[in-house]
Every structure is written in C-alpha cells, then in structure tokens.
Amino acid sequence: MRPRKKNKQRVLMLSSRGVTHRMRHLMNDIEVLLPHVKKDAKLDSKSQLHLLPELADLNNCNNTLYFEARRHEDLYLWAAKTPNGPSIKMHVQNIHTMDELKMTGNCLKGSRGIVSFDKAFEETDWGRLTKEVFTHIFCVPPQARKAKPFIDHVLTFSIVDGKIWFRNYQILEKDPLQPNGPPQTSMVEIGPRFVLTPIRIFEGAFSGATVFSNPEFVSPAAVRSAAKRAKGDKYGMRKQAQQERSDRQELRRLEEDELAVPKVFA
C-alpha cells in the first residue's frame with residue numbers, strides 16, 4: 001500500500017507600509033479563513049521583494065501572500081510559491097470585509113473549507129496556473145496546528161470578464177425555519193468579498209521572466225490620468241468656445257453712424 005501524501009502547505013502573509021484600515025481588516029478576515037497562515041511584520045521597502053522568499057524560508061512557509069499598498073488606496077496582491085515560483089501579481093478591487101457586509105452566515109473559526117473553482121479556469125493557460133497556485137495557498141492541510149476537524153464553508157473562485165471573483169459561503173445542513181425537519185443542504189454567504197484582476201505571472205518568486213501579461217489591464221494611475229486629461233480637454237473646449245463667441249461679437253459689431261448722438265453733440 002502506497003503511503004498517503006501529506007499536505008504540508010504553509011502560507012506567509014504580510015503587507016507593505018501604507019495599508020489602510022480596510023486592507024488590514026481584509027487581511028484579518030483571510031487569516032481567520034486560513035488557519036495555516038503565519039503573519040509577519042510589514043515590509044519596509046516595496047523595492048525589496050527579493051527578501052520575501054528568504055522570509056518565507058525563515059518562517060518555514062512554502063507559499064506567500066503579499067499585500068502591496070500604493071498611493072490613492074490602490075492595493076495589489078502577490079501570490080507566490082516560494083522559493084522557486086511561480087508568482088502572480090493581481091490588482092484587488094471591490095473589497096468588502098465581514099464587518100461591512102454583516103451577512104447572516106457564520107462558520108467555526110479555524111475550520112477547514114472546500115475550495116471550489118469555476119470551470120473557466122481550465123480554459124486558459126494562465127487560469128490553470130492560477131488555479132494550481134491558489135490550491136496550494138487556500139487548501140488548509142488537515143495537520144495544520146490551528147485547524148479544526150470540521151468542514152463547514154466553501155471558498156469559491158469564479159472568472160467573469162477576465163477577473164477573479166472571490167466569495168465565501170457557509171454550508172447549512174438543515175433549514176433554519178424547520179430545524180427538526182429532514183436534512184436539506186444550502187449555502188449562505190459569509191464574506192469577505194473581493195475581485196482580483198491578474199496583471200502578470202512571473203516564472204520565479206517575485207521575479208523572473210514574464211509567463212503571462214494581461215493586455216486588458218489598465219492601471220489605476222492611467223485611469224486617473226485619463227480622467228484629469230478629460231477634465232483638461234473640457235476646460236480647453238470651454239475657453240475655445242468663449243474665444244469664438246468674442247470673435248463673432250467683433251464681426252457683428254456695426255460701424256458708428258455719422259448722425260450718432262456722440263458725434264452730433266461732440
């Protein structure tokens with residue numbers, strides 16, 4: 001009989017300087033869902049990503065979740081297999097934490113969850129690679145130190161419009177309105193919610209050759225720059241219209257008559 005392969009995945013989770021309160025609450029929610037996560041102190045410099053594989057090795061972790069905060073409350077998430085890669089850089093949008101949603105669902109702290117992926121992950125190469133990385137990170141090992149021997153929620157990842165949508169649902173075995181009735185399985189959303197837009201997939205851990213680059217991704221800085229440019233164009237069009245109006249008034253102005261009052265009584 002072949003020995004059963006053990007799941008020895010451990011995840012290091014940390015963030016950069018400058019994270020907001022909503023980002024911290026999102027990290028706390030993910031830590032509650034993943035009992036095999038180890039949190040570390042914030043990384044001082046965003047240009048020292050090469051230190052993350054070493055930190056993961058020091059914490060005996062073979063996966064890393066790194067939240068990188070930018071200006072204007074932009075948040076990026078790195079999911080990497082350490083120390084050899086691959087690594088995925090994603091833009092995080094539409095963040096809703098558990099405290100904000102106030103859903104009726106609930107699950108046991110430290111319980112293990114079923115990880116469900118949309119069939120769209122199998123249709124592209126980057127989707128299959130992302131599914132493999134997420135499987136190693138979000139699947140809780142049964143031997144995890146803080147894990148409880150219960151499975152009472154489902155973590156779902158779906159691809160819609162080229163973005164990865166995350167949802168978390170509680171598994172209900174009975175109808176709350178009929179607790180003594182027959183067993184009836186249903187799901188109630190718990191939270192948190194967020195949307196991930198893949199940007200690049202690198203061959204190594206936080207470095208290396210680019211395996212995939214999303215051609216449809218537009219950075220938030222480019223969006224803000226385009227909005228400012230549009231405002232500037234609107235101002236320029238208004239000033240041009242004012243100048244054209246002044247020119248038309250000059251063309252319509254008639255010459256002063258010889259019998260005008262100012263000339264007669266001058």
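How many of the seven residues of strand E4 (residues 75-81) are buried? In this predicted model, the count is seven of seven, so strand E4 is largely enclosed by the rest of the structure. The burial extends to both faces of the strand. One side carries Leu75, Leu77, Ala79 and Lys81, and the other carries Tyr76, Trp78 and Ala80; each of these residues is buried.

Strand E4 pairs with strand E3 (residues 63-69) in the antiparallel sense, with seven bridges between them. Within this pairing, leucine 77 of E4 lies opposite phenylalanine 67. The two strands form a hairpin with five residues between them, and histidine 72 in this hairpin adopts a positive phi near 60 degrees.

Strand E4 is also joined to strand E5 (residues 87-96), again in an antiparallel arrangement, by six bridges. Here leucine 75 has valine 92 in E5 as its bridge partner. A hairpin is formed by E4 and E5 as well, with five residues between the strands. In its turn, glycine 85 has a positive phi of about 90 degrees.

With regard to surface charge, a positive patch is made up of Lys6, Lys8, Arg10, Lys38, Lys109, Arg145, Lys146 and Lys148. One of its members, lysine 6, is located in the segment before strand E1 (11-15). Lysine 6 has a relative accessibility of 56% and therefore counts as exposed, the cut-off for this class being over 50%. Lys81 of strand E4, by contrast, is buried.

Methods: Residues numbered from 1 in each chain as written. Predicted model: local features only at pLDDT ≥ 70, side-chain atom pairs only at ≥ 80, totals over all residues. Heavy atoms only, no water. Patch = residues over 30% accessible without salt bridge, like charges linked within 9 Å, V, L, I, M, F, W, Y side chains within 5 Å. Areas by Shrake-Rupley, 256 points an atom, 1.4 Å probe, with all protein chains shown as cover. Salt bridge = Lys/Arg side-chain N within 4 Å of Asp/Glu carboxyl O. Lys, Arg positive; Asp, Glu negative; His and termini not counted. Charge placed at Lys NZ, Arg CZ, Asp CG, Glu CD. Helix = DSSP H or I, 4+ residues; strand = E, 2+ residues; numbered from the N terminus. Buried < 20%, exposed > 50% of the residue type's maximum accessible area, 1.4 Å probe, protein only. Pairing = 2+ DSSP bridges.
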